[in-house]
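Hi,

Here is the structure I promised to pass on. Have a look at it first, and then read my notes below.

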Amino acid sequence: MNGPLHVGILLPTREQAINGTYAAAPLLGFARQAEALGFDSLWAGDSLTARPRLDPLVVLAAAAAATERITVGTAALTPALRHPLIGANMVASLSHVAAGRLVLGLGSGFPMPETEEEFASVGASFTGRVGRLDEITALWRTAWRAGQEGEPADFQGRYWQADHLDRLPSPATAGGPPLWLAGSDTPKVLARAATRYDGWLPFLPDPDAYGRARRRIAELAEEAGRPAGAVTPALYATITVNRDERAAEAELEHYISHYYGRSLDQMRTIQAYAWGSAEKCAEWLGGYVRAGARHLVLRIGSLDPEPQLKEIAEVLLPAVRALGPSTTVGSTQS
């Protein structure tokens, strides 16, 4: 699977919350700096009570207004935490603020007790959440196309029914922004990504497993009659950059324990982590690029991530991009 290589960076909304601050100005400064340093995309995570932070759609609207070219996206949004019609309207509104440079990574809910409690707090069902996510995205797409000639204006699903969807605002791009599935490499996830979504955003810790899954998605998408490149193979990865490798590991351990309440050894079995020099992290990411990844979403594993941003941009970005085709900053179809 060919295509340009894009590299994005996660806004530190959760890191702010852990530190007990919720100021918008530093986030907007981070966004402007990321654009100036040449990152292709800017991302924000989502959670209410499990891993609290500022709302990603609000933050990304502000970040989009404060920048000009960089793509903005969610990594990942949990649609079930919002009523589907409110979600459809918020996303359409954000797509206009972002002038079409929006991508949505979507998750059904991380399988942790805290997430189940979070769902209960808003009256959402944790059971059957995978099917509910797929249905919400189907409703969203119906709503976003409802104003077009010949498109239905009602939706009748298993969990949701809605009429008069053509009364909702249309998004900036016809049919709405690209929707990526944030998930693992199970057969069901791969089949859903291949047939229902525009991208696949896993955090697999093994590049070889990533490569096998990426190839399987391409096969399933072709079997479903989708065009080549219909599903963007992305990756969500966490890096801590420091030439002192022991210091980098200690900082990442501190970060993970505060973020998840679990150890690095526990989390690295399910998520992709690297630490050490920028060159070492770039080589590690190169394994995924060679396995077919075409959009890297990087989270800086530090409660004070901004000091690492410039070195990542100046050292890691060119090293990683040298491994893949040329990239175009700000492409929303990445």
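Before anything else, one term: pLDDT is the predictor's confidence in each residue, from 0 to 100. You'll need it, as this is a predicted model. The protein averages a pLDDT of 95, and 96% of the residues score at least 70. One stretch to watch is residues 326-334, where pLDDT stays under 50. The model does have 31 contacts beyond four places in sequence for that stretch, but where pLDDT is low, the predicted coordinates should not be read in detail.

Now the overall layout. UniProt lists residues 6-295 as "domain: Luciferase-like", in an unreviewed entry. That span is 45% helix and 16% strand, and its end C-alpha atoms lie 5 Å apart.

Next, the inside. Nonpolar side chains tend to be buried together in soluble globular proteins. Here the largest nonpolar core has 75 residues. Phe-39, Leu-42, Trp-140, Trp-200, Leu-296, Leu-298 and Leu-316 have the most contacts inside this core.

Which of its residues are buried? They are Pro-56, Leu-57, Val-59, Leu-60, Ala-63 and Ala-64. Looking down the axis of H3, these buried residues fall within an arc of 155 degrees, so they line one face of the helix. Val-58 and Ala-65, on the other side of H3, are exposed. As for partners, the buried residues of H3 pack against helices H1 (13-18), H2 (24-36) and H4 (84-97), plus strands E2 (41-44) and E3 (71-77).

Last stop: Thr-115, in helix H5 (residues 113-121). Is Thr-115 buried or exposed? Its relative accessibility is 2%, so Thr-115 counts as buried, the cut-off being under 20%. A polar atom of the Thr-115 side chain lies 2.8 Å from the backbone oxygen of Phe-110. Apart from its neighbours within four places in sequence, Thr-115 is in contact with Ala-50, Arg-51, Gly-109, Phe-110 and Phe-126.

Definitions and conventions: Residues are numbered from 1 along each chain as its sequence is written. This is a predicted model: local features need pLDDT of at least 70, side-chain atom pairs count only at pLDDT 80 or more; totals for chains, interfaces and linings use all residues. Side-chain values use heavy atoms; hydrogens and water are left out. UniProt positions are given in the numbering used here, feature names are shortened, and annotations may be inferred rather than shown by experiment. Helices (H or I, at least four residues) and strands (E, at least two) are DSSP runs, numbered from the N terminus. Buried means under 20% relative accessible area, exposed over 50%, partly exposed in between (1.4 Å probe, protein chains only). The arc is that of the directions from the helix axis to the C-beta atoms. Contact means heavy atoms within 4.5 Å. A nonpolar core is a set of buried Ala, Val, Leu, Ile, Met, Phe, Trp, Tyr and Cys residues joined through side-chain atoms within 4.5 Å. A polar contact is a pair of N or O atoms within 3.5 Å; within protein, one must be able to donate a hydrogen and the other to accept it, and residues adjacent in sequence count only if both atoms are side-chain atoms.
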